[in-house]
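Have the picture open and follow along as we go.

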Amino acid sequence: MPAPKILVIPGSLRTGSHNAKLAAVAAYEFAQAGVDVTRISLADFPLPIYDGDLQVKSGVPKHAVNLKRMIGSHHGVLIVTPEYNASVPPLLKNAIDWVSRVQDPHETRGEVFRNRAFALAGASQSRLGGSRALMALRLILTSCHANVIASQLALSFANEAYDDMDRLKNESDIDALKELVRQLIDVSQRMM
């Protein structure tokens, strides 16, 4: 069976972001597993705050179309999210809202979510490791009819989780990431 293509999307643009570091570590693990992995930044897809009137007036922004097509060109997607006030950051939620509005002529609305596997990870300096944001993100994606795998990684105390080479230090965190990677690859292959 051919190896799936995996897209890694960090939900943070902040310099030194623990979630951007986790996305980089995850991308490395996917590469080690022999899959074609792409890591993007949402900074490359700048979008206005979603507004239905704006969509009617101007259509869906080209960056939303491009992001949707980027997602659509991969078999699996890992989203790595920070936690803002017990939920997902507005940058990530806004991107999902816009992508959910993109519909190419030959497909049904939201098809990009239904036809691939999604995995979730998050990093936080708190003990909960962003788990509330992961619950919220799972709810958002499943409402878009996404196939979200069971494995997820909530990286607690992220300010202490990396070594000086920005690799995970704790064996249990490493094992959880490897399981997430394995499961996303497996489910993505079955959906190809």
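## Around the hidden space

Lining the largest cavity are Ile9, Leu42, Leu67, Ile71, Ile79, Leu92, Ala95, Ile96, Val99, Phe113 and Phe118. A cavity here is a set of points, on a 1 Å grid over the protein atoms alone, where a 1.4 Å probe fits but cannot get out, and lining residues have an atom within 4 Å of a point. Helix 3 and helix 4 are the elements giving two or more residues to that lining, and helix 4 gives the most, with four residues. Helices (H or I, at least four residues) and strands (E, at least two) are DSSP runs, numbered from the N terminus.

A word on what you're looking at: this is a predicted model, where local features need pLDDT of at least 70 and side-chain atom pairs count only at pLDDT 80 or more, while totals for chains, interfaces and linings use all residues. Residues are numbered from 1 along each chain as its sequence is written, and side-chain values use heavy atoms, with hydrogens and water left out.

A search of the whole structure turns up one cavity of 30 Å³ or more. There is also a pocket to compare with it, meaning an open set of points with protein on both sides within 12 Å along at least five of seven lines. Volumes are the space filled by probe spheres set on the points, which are joined across faces, edges and corners. For the classes, Ala, Val, Leu, Ile, Met, Phe, Trp, Tyr, Cys and Pro count as nonpolar, Asp, Glu, Lys and Arg as charged, and the others, Gly among them, as polar.

| Space | Volume | Lining by class |
|---|---|---|
| Largest cavity | about 80 Å³ | 11 nonpolar, no polar, no charged residues |
| Largest pocket | about 170 Å³ | seven nonpolar, no polar, three charged residues |

Which element gives the largest share of the pocket's lining? That's helix 1, with four residues. The lining includes Ala24, Tyr28, Glu29, Arg167 and Leu177.

Buried means under 20% relative accessible area, exposed over 50%, and partly exposed in between (1.4 Å probe, protein chains only). In soluble globular proteins, nonpolar side chains tend to be buried together.

Take Ile96: leaving out residues up to four places away in sequence, it touches Phe113, Leu137, Ile140, Leu141 and Cys144. Contact means heavy atoms within 4.5 Å.

## A covered strand

Is strand 3 mostly covered or uncovered? Mostly covered: six of its six residues are buried. Gly76, Leu78 and Val80 sit on one side, with Val77, Ile79 and Thr81 on the other. Strand 3 pairs with strand 1 in the parallel sense over five bridges, and Ile6 stands opposite Gly76. Strand 3 also runs parallel to strand 4, joined by six bridges, with Ile79 opposite Leu120. Two strands pair if DSSP finds at least two bridges between them.

## One last residue

His18 belongs to helix 1 (residues 18–32). His18 counts as buried because its relative accessible area is 13%. Its contacts, beyond four places in sequence, are Ala123, Gln125, Ala158, Asn159 and Tyr162.
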